[in-house]
Amino acid sequence: MTTLAPPLPEVEKPAAPPLRTARSSRSPLRHLGVALPGAVVGAVVLAALAPGLLAPQDPLEISLSESFAPPSAEHLFGTDQSGRDVFSRVIHGARQSLLIGLGATAIGLLGAMVLGLAGGLGGRLADGAVTRVIEILYAFPGILLALILIAVYGNSALTQMVAVGLATMPGYARMVRSQVLVVRRSAYVEAARTLGHPPARILLRTLLPNAFRPLTVLITLGVGQAVVWAAALGFLGMGVQPPTAEWGAMLNAGRHYIQQAWWMDFFPGVTIVLFTLSLTVLGRRLQQSTDAGALR
Amino acid sequence: MRRRPVLIALAAAGAGTVLGGCGTAAPGADLPPGTRDGGHLVFATDREPTCLDPHNSGDMPQTYIARQYLDSLVSMKVDGSVVPWLAESWEISEDGLLYDFTLKPGVFFTDGDPLTAEAVVANFTHIMDPKTQSSTALLYLSPYFVSATALSELVVRVELKRPYSPLLQVLAQAFFGIESPRSMARGLSENCEGPVGTGPFIITEWKRNQEVVMVRNENYNSAPADALHQGPAYVESLTWRFLKDNTARFGALQSGKVHAIFNLPPESVPAATADDKITTDDFIHSCIPFAFDLNTTHPALADIRVRRALVHAADAEGIVRSAYAGVFPYEGNAISTGTPFYDPAYSLPYPYDEQTANALLDDAGWTGRDEEGYRTKDGQRLSLRLPYNSDPGETPPADQTILQNFQAMQKRVGVEIQLLPKDSASLTAIRRDPLAFDIRAGYWNSPTAGVMYIKFSQETYELDNGQNVSYAFDAELDEILLDAAATTDPDLQQRLYSQAQDLLTAQAWHIPLYPIQTRLAIRSDLVSDIWIEPSEGEPVLHDAYLNREGL
């Protein structure tokens, strides 16, 4: 993990990516490029919603005689030092990771919305204040901010969500603010105002949805980023505590045994990579299609 | 009593390989051949002491490092016998109440003051002084100690209120290292930073979270009689480095950045065995094994049936084997195999037996079940809190595995174990609060079977210093252990200590798991003659020298 802020596309960039030609959008490869990551994300979501459906065993059930068993038909991903089934733990870990990923993104967005709207609509003074707040938040390394919060408020899924959410907030906030600035001067807002719509209605019905639309792409990318962050905190021992199944904590437990039981780190690691990669691919696709749509 | 060989006298195996292979410039490798003298030794360990004065507190990391700069009155050998160190001779009165130690003449503290009887008296006074906050050394002395007096310039008399046959072995520990009175007079906090002794090394700097740097005491003339050589240490300087992360510590050894490491991680044993440049040395301590202490002030744990059920359900042997991969043996007795008067009859007291555990819990009235499957009684869940140290390096991965395994095993019989991660400060804060925890994991190293008295006596209970963690005692056990300490007849001692092991096993106040070991891994191509002394398993670096070509 290198940076906390989700990769932000330039909002006000003048040129949109080139339009896809009809031919390329119908190619089978392109379908595969959506179907594969879609399947991965779908599987993870299913694992998070109903882990019992996929996991063959209780993720916490130990079997002392089976510790460090390599991957086999019985234990697809092998077993860990207590003989727990790594496959079942990876599946059960999805809920924790997804919960924190979604929760953190929601918290980050909510905070960003408040800051962005205040900055975009509140006049020069408020805008100055908001911009400073965003800059200060930006100046803090995200992981440090998260660690401070966890040190102060203790270890829990909620603290983790808030910590990661706060750390991702400045990125979203900057985006919302600039979107609001663009949209408020747009012709349709002008029209709504001329029609005499009350300010609250303009805000909720016209301004917010339009300012928010480009964010959907960011959210997709942001969830993946937040999952990586949650796993990083788990790896540092700052997330949920073992033996609870969580991808980052599993990586941390496995690293001590990497020379004798590579599967303990390999499978949770690959899962994190595949899941976040899939979200990123889907997010980019979404971005391309909305950009394309916007030009039509 | 069974002990593994302690001394690793490593011939410079394959002198030509000193610089071969590793590709790193090992410290000291550039020294002229044919001499043991000189060079810089780097030793890495897992835990950092909170205070370098071992009279204060009394945690194991203190004794390991203190051995390098403090000398004790006597030194203990592997067979349990005691040989001269700062005391060149001693006499014990018939009734076992008076010990007269005659000190070696011409010994000086590294601050220049001479070692005198008065200085030794000041050390006993310092240990007994509540301001020193000793929780280990004090416990060894307080049930017996009356006074220490200087009979002459070099003769000290220690007077006891009742006979204490293991006293000499006890005094061999670095917890009883003799410090300069001037050093101790500076006050606790300053003395913690760098106590002054007569030892082979002198502390120059303590870089917190990194290392303690020491230089050789050029005037050292007080090595113990069982040292490999007399006179100053071979190496000129010594770095005692703290590498808390197991993987990093072992990696530093493999790459030759350190010469030897303390506590070879069990998960690195296969790699260490496969590496012909690395030699390992294990020593099983005389101790109360690493165990779960059951707090009997908890209403459920006050019931012996519940305590026994927990032991039966734990599969202690299985959870140790799984966590330590066979590297650490299981020990079910109240004391370790390395402890004098260990009785093998109690080594596997409670076999894994879920059925018996369930029956005992039913019998104790924990018959209800809640929605999560845990047992209940009068609507209360049978739930026990087990705090553990979550600071880096404090609870090694294998011990974390043991905690998790224990939790999972107890769940099978409907007992909830709450694992509560705590930092060191919060753990210290709840140490003396029986209401803050129900189970604690810990061990107690000691060169004597009398450690059972330290851990489970009414006296320690009343001292309330956080050592009798089970908050349990038994008048009969106290009497047996005091009688055993009072006699010097080995047959009688064996009989009494066996009775004590029997009683402790029956009470199930603790669930013993594995004996504490000093496990060294040494780059034997780079360094020779690091050995482990047996009173506390302290590594001894005074005799160590760096290997070099042509030696």
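## Close-up views of the predicted model

**The axes of α10 (215-235) and α11 (247-255) of chain A come within 6 Å and cross at roughly 40°.** This is a predicted model, in which local features need pLDDT of at least 70 and side-chain atom pairs count only at pLDDT 80 or more, whereas totals for chains, interfaces and linings use all residues. Residues are numbered from 1 along each chain as its sequence is written, chains are lettered from A and ligands numbered from 1 in the order in which they are written. Axes are lines fitted to C-alpha atoms, for helices over the stretch in contact, and angles run from 0 to 180 degrees between N-to-C directions. Helices (H or I, at least four residues) and strands (E, at least two) are DSSP runs, numbered from the N terminus. Given the crossing angle of roughly 40°, α10(A) is therefore oblique to α11(A); angles under 35 degrees count as roughly parallel, over 145 as roughly antiparallel, 65 to 115 as roughly perpendicular and the rest as oblique. The crossing of α10(A) past α11(A) is right-handed; the term applies if the near helix is turned clockwise from the far one by less than a right angle, and left-handed if anticlockwise. From α10(A), Ala230(A), Ala231(A), Ala232(A), Leu233(A), Gly234(A) and Phe235(A) make the contact with Trp247(A), Gly248(A), Ala249(A), Leu251(A) and Asn252(A) of α11(A); residues are in contact if their C-beta atoms, placed from the backbone, lie within 7 Å. By class, this contact of α10(A) with α11(A) has eight nonpolar, three polar and no charged residues. Ala, Val, Leu, Ile, Met, Phe, Trp, Tyr, Cys and Pro count as nonpolar, Asp, Glu, Lys and Arg as charged, and the others, Gly among them, as polar.

**A cis peptide bond links Pro242(A) to Pro243(A).** Its omega is near 10°. Pro243(A) lies in the loop between α10(A) and α11(A).

**Helices α5 (residues 123-139) and α7 (residues 157-184) of chain A pack at an angle of about 150°.** Their axes are 9 Å apart, and the two helices α5(A) and α7(A) are therefore roughly antiparallel to each other. The crossing of α5(A) past α7(A) is left-handed. Val130(A), Ile134(A), Leu137(A) and Tyr138(A) of α5(A) meet Met169(A), Pro170(A), Ala173(A), Arg174(A) and Arg177(A) of α7(A). Seven nonpolar, no polar and two charged residues make up the contact of α5(A) with α7(A).

**Seven strands of chain B form an open sheet of mixed pairing.** The strand order is β8-β9-β10-β1-β11-β21-β12; strands pair if DSSP finds at least two bridges between them. At the edges stand β8 (201-207) and β12 (278-284) of chain B, each with a single partner strand, so one side of each is left without a neighbour in the sheet. Neighbouring strands of this sheet are turned by 20° against each other on average, direction ignored. Helix α7 (residues 246-254) of chain B packs on the sheet, where it touches β1 (40-45), β11 (260-262), β12 and β21 (517-523) of chain B. The direction of α7(B) makes about 160° with that of β11(B).

**Strand β8(B) runs antiparallel to β9 (residues 211-216) of chain B.** Six bridges join the two strands. Phe201(B) stands opposite Arg216(B) in β9(B), and Ile203(B) is opposite Met214(B) in β9(B). Three residues lie between the strands in the hairpin of β8(B) and β9(B), in which Asn209(B) takes a positive phi near 65°.

**Strands β14, β15 and β16 of chain B form an open antiparallel sheet in that order.** Its edge strands, β14 (368-369) and β16 (380-381) of chain B, each pair on one side only. Two bridges connect β15 (residues 375-377) of chain B with β16(B). Thr376(B) has Arg381(B) in β16(B) as its bridge partner.

**Gln133(B) is a residue other than glycine with a positive phi, near 55°.** Gln133(B) is situated in the loop between α2 (117-128) and α3 (137-141) of chain B. Most residues other than glycine have a negative phi.

**The contact between the chains takes 20 residues from chain B and 18 residues from chain A.** On the side of chain B that touches chain A, α7, α8 (269-274), α10 (316-324), α12 (397-412) and β18 (416-422) of chain B each supply at least two residues. The largest share, six residues, comes from α12(B). This side of chain B comprises eight nonpolar, nine polar and three charged residues.

Methods: Two residues are in contact if their C-beta atoms, placed from the backbone, lie within 7 Å.
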